[in-house]
Amino acid sequence: MRYFFAFLIKNHFFFLFLLLEILSFSFIIKHNRYQGSKIINATNQITGSVFTGANNVSDYFKLSAINRELSEEIAKLKTASFNKKNADNSMAPQPDTNYKFLCAKVVNNSTNRHSNYLMLDKGSNHGIEADMGVVSNKGIVGIVIGVSGNYCTVMSVIHKNAKISAKIKKNLQLVNLIWNESSYKKGTLTDIPTHIDLKKGDTIITSGFSFIFPEGIMIGTFENYKTEKGESLNSAVLNFSTDFNNLNYVYVIQNINKEEQIKLTKNSQHE
Amino acid sequence: MNNIITKNILRFIVLILLQVLVLNNIKFDGYLNPYFYILFILLLPLETPKWLLLISAFLLGLGVDIFMKSIGINIAASVLVAFIRPGLIKYLSSGKDIEPNMQAGIRDFGFRWFFSYSLVMIFVHNFVFYFLDIFSFSEFFITFYKVLLGTVFTLFLIIITQYLFINKKNK
């Protein structure tokens, strides 16, 4: 036993190295598998306040861009409300109103890695929970995975584990959206039935089947096919409508009937 | 001695904040990003005990990781770099005398020594970082290309800061 300890102490540099590397790999694996690891949630509050502090400074340089975006958004809403007034008498079914939008500010954002996250300045104190969808005025952004009191962490759509249920607007065909491109501007559509003929510029929207995003949130436009030989379903490249590199204010979507929907799905699966 | 410890702790904090608040917002071509915080390990005093070298690299990686939400990746890269450091210094300085109060920098060792020293360290760091980030070898050459660009970019910044510090000390 004594020799063993002597051996350990003599080679302490190597063994300590081994121990620390094993520790870091266990962190990586745990974090990879389980979204929103405990360490990230525990440190959300600290990192959040540091990022907010830095944001207070950098915000001044973005003010004009934010103003322009806001006025564009107001114009769009005005058009929508005007059109709605005119259409109120029609027999058309009303769109569902189960969704509530909460405005939040992006305090940190990454686009240059394979696992990209955002941090928002709203948390459980403001009613935010895990698995809520996040959108910007231009389109889809991500899904909340971790919440602390005043901050939440969002898994970006440009994350290697992200998978979003989407559909093609013109013929309502269901497809899936993943991200394995090297650019934050482009995503990948998979599971496109081969008889569907897509043209450049065709719009892709959310399907509304995931309980996270309501139907019809803009995702992006079709760019080109990239099908490999021998596959029964096509895949394609799409251009995101959201500029992930330039996000300031986003909306967190609260699905009021989500629990009921999930319960119903579970119940019907049991039978 | 106390002075050196304070200086290194200060450098530790400043480099982490610089990395997560400033440098992580630099995105040339969408993904190219300098991982400059590694400078802390490069500049640690040569007589740092080996265990302290590993522990401080671990804490450095952890500090950057909790801000980047990438728990483990920066730790693994920094600890490996700290592990190769003593051997690398020994190999590069064979034939040279290392005096007790020399610092790992251009001023004491010269440009060529520091260049090869940083090149190896930064390359290893970037290599581990990018491959752990994607966690597969499936697109080896694309990832390797990123590693090379990241290495050149970081090396460039580190050499520049070396010259800034030399000028300061001469005045």
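This is a predicted model: local features need pLDDT of at least 70, side-chain atom pairs count only at pLDDT 80 or more; totals for chains, interfaces and linings use all residues.
Modeller: Buried means under 20% relative accessible area.

Colleague: Why is A:Ser24 called buried?

Modeller: Its relative accessibility is 0%. The cut-off is under 20%, so A:Ser24 counts as buried. The residue lies in helix α2 of chain A.

Colleague: What does A:Ser24 touch beyond its neighbours within four places in sequence?

Modeller: B:Gly72, B:Ile75 and B:Ala76.

Colleague: What makes the A:Glu21 and A:Ser24 pair a polar contact?

Modeller: The backbone oxygen of A:Glu21 lies 2.9 Å from a polar atom of the A:Ser24 side chain. The limit for such a pair is 3.5 Å, so 2.9 Å falls within it.

Colleague: Take A:Ser136. Why is that residue called buried?

Modeller: Its relative accessible area is 8%. Buried is under 20%, so A:Ser136 qualifies. Its place is in the loop between β3 (133–135) and β4 (140–147) of chain A.

Colleague: Which backbone atom lies 3.1 Å from a polar atom of the A:Ser136 side chain?

Modeller: The backbone nitrogen of A:Lys138. Not counting residues up to four places away in sequence, A:Ser136 also touches A:Val141, A:Thr242, A:Leu247, A:Tyr249, A:Val250 and A:Tyr251.

Colleague: On to the rings. How many aromatic pairs are there over all chains?

Modeller: The structure holds 26.

Colleague: Why is the pair of A:Phe7 and A:Phe15 called edge-to-face?

Modeller: The ring centres are 5.8 Å apart, and pairing needs them within 6.5 Å. The planes stand at 70°.

Colleague: Why do A:Phe7 and A:Phe15 count as partly exposed?

Modeller: Partly exposed lies between buried, under 20%, and exposed, over 50%. A:Phe7 has 44% relative accessibility, so it counts as partly exposed. A:Phe15 has 29%, so A:Phe15 does too.

Colleague: What makes the pair of A:Phe14 and B:Phe83 tilted?

Modeller: The centres are 6.1 Å apart and the planes are at 55°. Under 30 degrees would be stacked and over 60 edge-to-face, so the rest count as tilted. That pair crosses between chains, from helix α2 (residues 12–33) of chain A to helix α4 (residues 73–92) of chain B.

Colleague: Why are A:Phe14 and B:Phe83 called partly exposed?

Modeller: A:Phe14 has a relative accessible area of 38%, and B:Phe83 has 22%. Ring pairs link A:Phe14 and B:Phe83 into a cluster with A:Phe7, A:Phe13, A:Phe15 and A:Phe17.

Colleague: Which residues touch the most other members of the largest nonpolar core?

Modeller: B:Ile41, B:Leu54, B:Val79, B:Tyr117 and B:Ile158, out of 63 residues. Helix α6 (residues 111–134) of chain B gives the most to this core, with 11 residues. Apart from this core lies another, of 42 residues, including A:Ile128 and A:Phe222.

Colleague: What is B:Leu54 in contact with, leaving aside its neighbours within four places in sequence?

Modeller: Chain A residues A:Phe13, A:Leu16, A:Phe17 and A:Leu20, and chain B residues B:Val79, B:Ala82 and B:Phe83.

Colleague: How do you know that helix α3 of chain B is close to its expected span?

Modeller: Helix α3 (residues 50–68) has 19 residues and reaches 27 Å from its first C-alpha to its last. The expected value at 1.5 Å a residue is 27 Å. Just after α3(B), B:Lys69 takes a positive phi of about 55°.

Conventions
Residues are numbered from 1 along each chain as its sequence is written. Chains are lettered from A and ligands numbered from 1 in the order in which they are written. Side-chain values use heavy atoms; hydrogens and water are left out. Helices (H or I, at least four residues) and strands (E, at least two) are DSSP runs, numbered from the N terminus. The expected span of a helix is 1.5 Å times one less than its number of residues. Rings of Phe, Tyr and Trp (its six-membered ring) pair if their centres lie within 6.5 Å; planes under 30 degrees apart count as stacked, over 60 as edge-to-face and the rest as tilted. Buried means under 20% relative accessible area, exposed over 50%, partly exposed in between (1.4 Å probe, protein chains only). A nonpolar core is a set of buried Ala, Val, Leu, Ile, Met, Phe, Trp, Tyr and Cys residues joined through side-chain atoms within 4.5 Å. Contact means heavy atoms within 4.5 Å. A polar contact is a pair of N or O atoms within 3.5 Å; within protein, one must be able to donate a hydrogen and the other to accept it, and residues adjacent in sequence count only if both atoms are side-chain atoms.
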